[in-house]
Amino acid sequence: MDSDVALNHENLNAHKFVPEEVKAALMDKYKHPIHRELEETARKVGGHGGMDFIMDYRLVYCLQNGLPLDMDVYDLAEWSCLAPLTALSLENNSAPVEIPDFTRGSWNKIKGYRHAFAKP
């Protein structure tokens with residue numbers, strides 16, 4: 001990261017884009033370690049900018065090491081409901097449709113999230 005690039009993204013207003021050099025510096029500064037490790041391979045494999053590869057890699061890694069998965073059944077339910085709810089909205093002149101809380105209010109019981117890793 002270029003030390004001459006100012007990372008002060010707090011001092012922007014809503015009428016300007018973040019300058020490209022600031023954006024690049026912020027993207028590098030906050031890049032997740034998993035992304036750093038797999039970025040090159042993920043880009044070669046493709047699929048949503050490499051994210052498909054990273055998600056599949058993490059699924060296999062967690063299963064092989066007996067770790068909790070990065071995603072749970074509630075994530076699946078939320079992702080899967082978007083298409084039918086969008087169709088429902090469109091059938092009703094683009095009326096807003098609420099996404100159900102599949103966790104029944106328990107979504108906020110987890111205090112933070114960390115990816116599980118096998119011990120070396």
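**Side chains and helix packing**

Mentor: Cys81 has a relative accessibility of 9%, so Cys81 counts as buried; buried means under 20% relative accessible area, exposed over 50%, and partly exposed in between, with a 1.4 Å probe and protein chains only. This is a predicted model, in which local features need pLDDT of at least 70 and side-chain atom pairs count only at pLDDT 80 or more, while totals for chains, interfaces and linings use all residues. Residues are numbered from 1 along each chain as its sequence is written, and side-chain values use heavy atoms, with hydrogens and water left out.

Trainee: How far apart in space are Cys81 and Pro100, C-alpha to C-alpha?

Mentor: Cys81 is placed in helix H4, residues 73–91; helices are DSSP runs of H or I with at least four residues, numbered from the N terminus. In sequence, Cys81 and Pro100 are 19 residues apart. Their C-alpha distance in space is 8.6 Å.

Trainee: Is Glu39 buried or exposed?

Mentor: Glu39 belongs to helix H2, residues 33–45. Its relative accessible area is 17%, so Glu39 is buried.

Trainee: Which side chains does a polar contact join to the side chain of Glu39?

Mentor: A polar contact is a pair of N or O atoms within 3.5 Å; within protein, one must be able to donate a hydrogen and the other to accept it, and residues adjacent in sequence count only if both atoms are side-chain atoms. At 2.9 Å, the Glu39 side chain contacts that of Arg43. At 3.0 Å, the Glu39 side chain contacts that of Lys31.

Trainee: The rings of Tyr57 and Tyr61 form what kind of pair?

Mentor: The structure holds three aromatic pairs. For Tyr57 and Tyr61, the ring centres are 6.4 Å apart and the planes are at 15°. Rings of Phe, Tyr and Trp (its six-membered ring) pair if their centres lie within 6.5 Å, and planes under 30 degrees apart count as stacked, over 60 as edge-to-face and the rest as tilted. The Tyr57 and Tyr61 pair is therefore stacked.

Trainee: Which residues do ring pairs link into a cluster?

Mentor: Tyr57 and Tyr61 both lie in helix H3, residues 51–64, four residues apart, about one turn of the helix. Tyr57 has a relative accessible area of 31%, so Tyr57 is partly exposed. The cluster linked by ring pairs consists of Phe53, Tyr57, Tyr61 and Phe117.

Terms used. Helix = DSSP H or I, 4+ residues; strand = E, 2+ residues; numbered from the N terminus.
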